[in-house]
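Subject: Structure for your files

Hello,

Here is the structure I promised to pass on. My notes follow below it.

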Amino acid sequence: MHFIPQILFILLAGTATWLFTKNILQIRRNILLGKEEDLTDNSARRWRNLLLLAFGQKKMFRNPLVAVMHFVIYAGFIIINIEVLEIILDGIFGTHRLFLPYLGSFYIFLINFFEILAIGVLSDCVIFLIRRNIIKLKRFISKDLDGWPRSDANYILISEIILMTLFLTMNSADRALQLQGSEHYHETGNFVLSGIIAPIFNGFSTHSLIIIERSCWWLHIVGIFAFLNYLPYSKHLHIMLAFPNAYYTRLEPMGEMENMKSIQNEVLYAMQPELSPTGEAAPQKFGAKDVFDLSWKSLLDAYSCTECGRCSAACPANITGKLLSPRKIMMDTRDRLTEVGKNIKANGEFKDDGKTLLNNYITTEELRACTTCNACVQECPVSISPLDIILELRRALVMEDSNAPQEWNNMFSNIENNFAPWKFSPDERDKWTEEV
């Protein structure tokens with residue numbers, strides 16, 4: 001009977017870990033459906049990006065107050081995991097505060113630090129809930145977030161509040177049991193916050209306090225395992241993917257488009273036919289119509305999107321009322337990729353479902369509204385580039401489907417025939433100088 005809680009805990013931890021690993025591997029498989037792209041050059045700069053953008057949240061600090069609050073939640077998530085490690089080991093070995101004998105006074109310092117972080121996380125989550133649901137900042141009430149995305153953000157904030165409350169209540173009941181001299185509850189001295197709360201439990205019996213402490217312990221760790229397995233279905237997967245996304249960010253100067261060498265060669269051969277090689281295979285595809293045609297990095301971007309809306313808030317097309325929203329581009333790409341993943345899981349391979357990312361998820365009107373100004377790329381705190389997806393879809397729209405406004409078609413025709421956007425023969429290009 002003594003080992004039953006340990007057995008239950010090991011089964012719970014094993015199941016949660018297995019489910020999480022299974023879902024993460026499916027997401028990895030979905031990302032690798034994208035085209036190959038080598039992003040392993042200049043490792044020193046990439047590590048610097050990871051440290052500054054992911055760990056240091058450099059871009060967030062353009063708004064210092066919000067950045068500090070976000071950093072507290074982020075630090076709480078990362079650092080309090082040390083406390084979670086102790087809980088897991090206690091659950092496996094049937095111990096209580098396993099690290100206390102080994103760390104001594106430093107253990108007290110750690111728990112005090114965790115409690116201060118917990119209060120910070122709890123307070124900031126309340127503020128963020130108010131910003132989203134009472135103040136209703138413009139980027140949080142956009143129609144992009146209608147339905148599940150808006151609920152998802154609230155569920156995570158509420159979950160964080162519950163987890164931090166359970167942690168503080170658990171410590172407070174633990175301290176109250178210490179003061180009563182209860183067996184197995186080792187003397188630690190007062191913790192900075194739970195020591196203040198503990199006197200509230202003075203009138204409780206030892207049995208009642210043990211029930212409260214154990215209930216909070218179990219609910220806390222079950223909540224963490226549930227949170228872990230909720231991540232793959234939530235935008236909060238960025239908590240994990242922001243790190244590889246920052247490392248693998250493209251290092252080209254912002255605004256530099258990826259050159260299509262095959263198209264460049266076609267133009268070159270038209271101008272200098274003698275350079276045209278014999279037997280060169282024509283390109284099979286131009287741009288992207290579906291997620292398979294995008295780079296794996298663009299698919300990683302889609303899963304890393306925080307849905308914060310900073311990209312859309314900075315987008316001049318969006319500001320002026322056009323249909324384009326860079327945040328929606330990323331959300332649509334992720335939704336399509338998730339659907340493709342389910343298709344593959346159900347059929348063993350992808351079966352044509354009559355849908356594509358282009359047209360079924362992202363419309364022509366959205367793509368044409370983009371000015372390629374890079375404002376969305378500049379604003380993203382985790383180095384996501386909606387513009388890469390927009391350009392690839394627009395290339396397919398124009399070069400595969402010949403779908404472009406008449407003004408564009410006139411320009412394309414002039415470039416093809418006159419090697420310039422204007423309707424003047426190359427021989428007459430300098431004719432204007434005769435009138436000077």
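Thr372 sits in the loop between helix H17 (364-369) and helix H18 (375-379); helices here are DSSP runs of H or I with at least four residues, numbered from the N terminus. Its phi is positive, about 55°, although Thr372 is not a glycine. Most residues other than glycine have a negative phi. Thr372 is partly exposed, with a relative accessible area of 25% (buried is under 20%, exposed over 50%, partly exposed in between, with a 1.4 Å probe and protein chains only).

This is a predicted model, in which local features need pLDDT of at least 70 and side-chain atom pairs count only at pLDDT 80 or more, while totals for chains, interfaces and linings use all residues. Residues are numbered from 1 along each chain as its sequence is written, and side-chain values use heavy atoms, with hydrogens and water left out.

Gln57, in the loop between H2 and H3, also is not a glycine and has a positive phi, of about 50°. Gln57 is buried, at a relative accessible area of 6%.

Another loop residue is Thr306, between helix H12 (296-304) and helix H13 (310-314). Thr306 is buried, with 11% relative accessible area. Leaving out residues up to four places away in sequence, Thr306 touches Lys235, His238 and Val382 (contact means heavy atoms within 4.5 Å).

His238 is among the buried residues of H10. Helix H10 (residues 238-247) has eight of its ten residues buried, and these pack against helix H2 (43-55), helix H3 (64-79), helix H9 (206-230) and H12.

On the cores: the largest nonpolar core has 48 residues, of which Leu324 and Leu393 touch the most other members (a core is a set of buried Ala, Val, Leu, Ile, Met, Phe, Trp, Tyr and Cys residues joined through side-chain atoms within 4.5 Å). Helix H19 (residues 386-400) supplies the largest share of this core, seven residues. Apart from it lies another core of 39 residues, including Val66 and Met170.

Last, a helix pair. Helix H6 (residues 105-135) and helix H7 (residues 148-179) pack at about 150°, with axes 9 Å apart (axes are lines fitted to C-alpha atoms over the stretch in contact, and angles run from 0 to 180 degrees between N-to-C directions). H6 and H7 are therefore roughly antiparallel, a label for angles over 145 degrees.

Regards

Conventions:
Helices (H or I, at least four residues) and strands (E, at least two) are DSSP runs, numbered from the N terminus. Angles under 35 degrees count as roughly parallel, over 145 as roughly antiparallel, 65 to 115 as roughly perpendicular and the rest as oblique.
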